[in-house]
Amino acid sequence: MLSEADAEQVLIRLRQAINGVVWATPKFDPDAHNICFINLEMRDGRELIYYSFSNMSRVSSTRQAALTGLGYELVPDVSNHLKFWACGGMGQYHTEPRLVNYVFCRPGHLENIRRALIVTEIDCCGSCMNNTISPFVEQYPDIDIYTQEHGAVPSQGISPSFQHFTV
Ligand SMILES: [Zn+2]
C-alpha cells in the first residue's frame, strides 16, 4: 500500500495530468471538481490503483484517451442497476462512490482485496460516508479501508493541503 507521501505525490500528479488535458475555460474550472483514487492491496500481492474525476461530462473520449496515455485511465460510472454503494441523488456521481462501485463490480476483485486506501482532494462528504464508505466497511469487515483526505474546499478557494509536498 502506498505511504502517505507516495499517495500525496500520486494525487498531485493526477491533478497535473487532468488539468493538462481538461483545461480551464471562463465557464469551467477543473480545480472545482474533485479528484480521487483508490489503492488496492490484493491478497495475491498485487497493488492496483484506480482513478476518478468528479465531472466526467467534461472529459471527452479523446481527452480520456490522452489521460490513459499518461497512465491515468479514469474509471467510468457504472450503470444504475450496478450502483450498490451510492445514494440516489447527485452524490452518486462523486468520485468515491464511482470508485467503490467500479471496484465492487470488477470480477475477481472484491474477494481478493486485503486493504484499500481512498485518497481524495476534497474530504469525503456526509453523503458518501453514509451511503458508500460506512456501509461498505460494515459489510466487508475483512477488508481494511483507510481514507486520506486533503481538505480542499473549492467553493471557498481552499486548495488541497499536503504534509510532504508544496504545490
Ligand atoms: Zn461525496
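Begin by selecting helix α3 (residues 95-105) together with helix α4 (residues 126-139) in this predicted model. Their axes approach to within 10 Å and cross at roughly 30 degrees. Angles under 35 degrees count as roughly parallel, and α3 and α4 are therefore roughly parallel to each other. View the pair along the line that joins the two axes: the crossing of α3 and α4 is left-handed.

Next, display the side chains where these helices meet. On the α3 side, select Glu96, Pro97 and Val100. Their counterparts in α4 are Cys128, Thr132, Ile133 and Phe136. Coloured by class, this contact of α3 with α4 shows five nonpolar residues, one polar residue and one charged residue.

Now turn to the sheet. Select its four strands, which form an open sheet in the order β2-β1-β3-β4 with mixed pairing. At the edges lie β2 (47-53) and β4 (144-149), each of which pairs on one side only. From one strand to the next, the twist averages 15 degrees.

Which residue in β3 is the bridge partner of methionine 42? Select isoleucine 113: this β3 residue is the partner of methionine 42.

Conventions: Residues numbered from 1 in each chain as written. Predicted model: local features only at pLDDT ≥ 70, side-chain atom pairs only at ≥ 80, totals over all residues. Pairing = 2+ DSSP bridges. Helix = DSSP H or I, 4+ residues; strand = E, 2+ residues; numbered from the N terminus. Axes fitted to C-alpha atoms, helices over the stretch in contact; angles between N-to-C directions. Parallel < 35°, antiparallel > 145°, perpendicular 65-115°, else oblique. Left-handed = near helix turned anticlockwise from the far one by under 90°. Contact = placed C-beta atoms within 7 Å. Nonpolar A, V, L, I, M, F, W, Y, C, P; charged D, E, K, R; others polar.
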